Amino acid sequence: MRAEALSLVDAVKQSMGLLRRHLDVETAERRLAELNAKVEDPNLWNDAEAAQKIMRERTDLDDRLSSLARFESELEDAVALIELAEAEGDEAVEQEGIDQLKGLKLEAERRQIEALLSGEADANDTYIEVHSGAGGTESCDWARMLFRMYARWAERHKFKVDVIEETSGDEAGLKSGVLMVKGHNAHGWAKTESGVHRLVRISPFDSAARRHTSFASVWVYPVIDDRIEIDVKESDCRIDTYRSSGAGGQHINTTDSAVRITHIPSGIVVACQSERSQHKNRATAWNMLRARLYEQELERREAAANATEASKTEIGWGHQIRSYVLQPYQLVKDLRTGTTSGTPDDVLDGDLDPFMEAALAQRLEGGAPAAVEDVD
């Protein structure tokens with residue numbers, strides 16, 4: 001085989017070897033057999049919480065083992081295709097086999113990172129919260145673009161997306177909004193997106209067509225389930241109700257169905273207006289508050305465990321993580337990993353995996369964010 005094909009085969013085999021060692025295939029197969037036996041027990045759902053935990057573990061193990069088996073099969077097929085094409089001198093078919101190997105290599109590397117998502121809440125659904133920065137309409141429009149970007153990223157992964165809250169800008173765009181993204185490892189993938197995002201472009205709201213810089217902040221925190229206990233005292237909270245805004249039919253602006261909860265000790269504010277029922281919005285808002293407090297606790301643990309790096313990894317306003325330049329040139333640059341893309345339109349349409357994978361790899365390797373020069 002050509003050197004390119006041999007190199008790709010070696011890379012796929014290396015990733016598969018790492019996946020096998022991390023998973024411990026023999027142990028995983030025994031555990032999957034045990035879980036399959038439990039699933040067949042008719043009394044399983046007498047304890048719904050325990051049953052859900054078993055089903056989650058079973059689905060995860062089955063997915064990882066099936067992926068390994070599929071990688072092995074597809075690798076054999078691609079190698080056989082290339083060898084046959086070489087024997088027949090068919091360069092087009094040979095290239096097809098090489099392209100298959102490239103796709104397999106990318107997926108195996110992605111699975112390698114995903115296999116290491118072992119945080120307490122990495123497998124959970126996630127909230128993605130976007131807030132516009134200073135700058136009025138321009139920043140609100142940027143927040144709306146980010147809101148759409150994350151929705152499109154979730155759709156690319158076939159995750160379910162629910163809009164929990166939207167507060168429109170005075171003239172256009174979005175002052176703030178919250179998405180709930182539902183899917184396996186949704187939080188594990190999205191968690192590196194928290195921080196400040198910077199946009200440079202010719203403003204569509206400036207009649208003089210000048211270049212503007214806008215900022216918006218993104219906050220990602222997990223949807224927590226009954227396995228994670230967070231005690232919130234109602235006496236520590238202020239609860240406000242107000243009329244929902246935005247599309248939603250004739251009912252949405254006629255009652256005070258939206259709910260905002262302020263946790264006074266921490267200053268955390270959450271809001272929900274996605275349901276017509278104030279009761280349902282209140283329940284969702286409480287869940288969001290518990291999730292935010294849980295994420296805050298995780299940050300405290302991380303800072304305590306690594307005080308030297310805490311200031312570098314702190315999530316908050318002023319800690320810019322990525323710049324998106326649309327004019328006078330086209331570039332998206334991550335300021336932690338140095339990852340770049342020359343196609344901002346694709347990134348804003350949800351092509352975020354290269355940035356997420358690089359940031360996850362950096363975290364998993366235990367390194368501090370790199371010193372990367374920002375773009376003009």
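Predicted model: local features only at pLDDT ≥ 70, side-chain atom pairs only at ≥ 80, totals over all residues.
Residues are numbered from 1 along each chain as its sequence is written, and side-chain values use heavy atoms, with hydrogens and water left out.

Let's start with the whole chain. It has 10 helices and 11 strands; these are DSSP runs, numbered from the N terminus, with helices being H or I of at least four residues and strands E of at least two. Of the 376 residues, 44% are buried, where buried means under 20% relative accessible area, exposed means over 50%, and partly exposed is in between (1.4 Å probe, protein chains only). Take the contacts (heavy atoms within 4.5 Å) between residues at least 6 apart in sequence: 66% of them join residues at least 24 apart.

Helix 1 (residues 3-23) packs against helix 3 (residues 48-88) at an angle of about 160°, and their axes are 11 Å apart. Axes here are lines fitted to C-alpha atoms, for helices over the stretch in contact, and angles run from 0 to 180 degrees between N-to-C directions. That angle is why helix 1 counts as roughly antiparallel to helix 3; the scheme calls angles under 35 degrees roughly parallel, over 145 roughly antiparallel, 65 to 115 roughly perpendicular and the rest oblique. On the helix 1 side the contact includes Val9, Val12, Met16 and Leu19, and on the helix 3 side it includes Leu68, Phe71, Leu75 and Val79. By class, this contact has 13 nonpolar, 1 polar and 4 charged residues. Here Ala, Val, Leu, Ile, Met, Phe, Trp, Tyr, Cys and Pro count as nonpolar, Asp, Glu, Lys and Arg as charged, and the others, Gly among them, as polar.

Helix 2 (residues 25-39) packs on helix 3 too, at an angle of about 135° with axes 9 Å apart, so helix 2 is oblique to helix 3. Residues that meet there include Leu32 and Leu35 of helix 2, and Leu61 and Leu65 of helix 3. This contact of helix 2 with helix 3 divides into 10 nonpolar, 1 polar and 6 charged residues. While you're on helix 3, look at Glu76, which is part of that helix. Glu76 counts as exposed because its relative accessibility is 57%. The C-alpha atoms of Glu76 and Val9 are 9.6 Å apart, although 67 residues separate them along the chain.

What about the interior? The largest nonpolar core has 34 residues, and Trp142, Leu146, Met149, Tyr150, Trp153 and Tyr324 touch the most other members. A nonpolar core is a set of buried Ala, Val, Leu, Ile, Met, Phe, Trp, Tyr and Cys residues joined through side-chain atoms within 4.5 Å. Elements giving two or more residues to this core include strand 1 (126-132), helix 5 (137-156), strand 3 (174-182) and helix 10 (353-364). Helix 5 gives the most, with 10 residues. Beyond its neighbours within four places in sequence, Tyr150 is in contact with Ile128, Leu179, Glu193, His197, Val218 and Leu352. Apart from this core lies another one, of 27 residues, including Leu8, Leu23, Leu32 and Val79.

Asp353 sits in helix 10. It counts as buried because its relative accessibility is 18%. Setting aside residues up to four places away in sequence, Asp353 touches Arg110, Trp153 and His157.

Most residues other than glycine have a negative phi, and most peptide bonds are trans. Gln327 and Pro328, however, are joined by a cis peptide bond, with omega about 5°; Pro328 lies in the loop between strand 9 (320-325) and strand 10. Lys158 has a positive phi, near 60°, and is found in the loop between helix 5 and strand 2 (160-168). Asn185 also has a positive phi, near 65°, in the loop between strand 3 and helix 6. Which of these is buried and which exposed? Lys158 is exposed, with a relative accessible area of 75%, whereas Asn185 is buried, at 2%.
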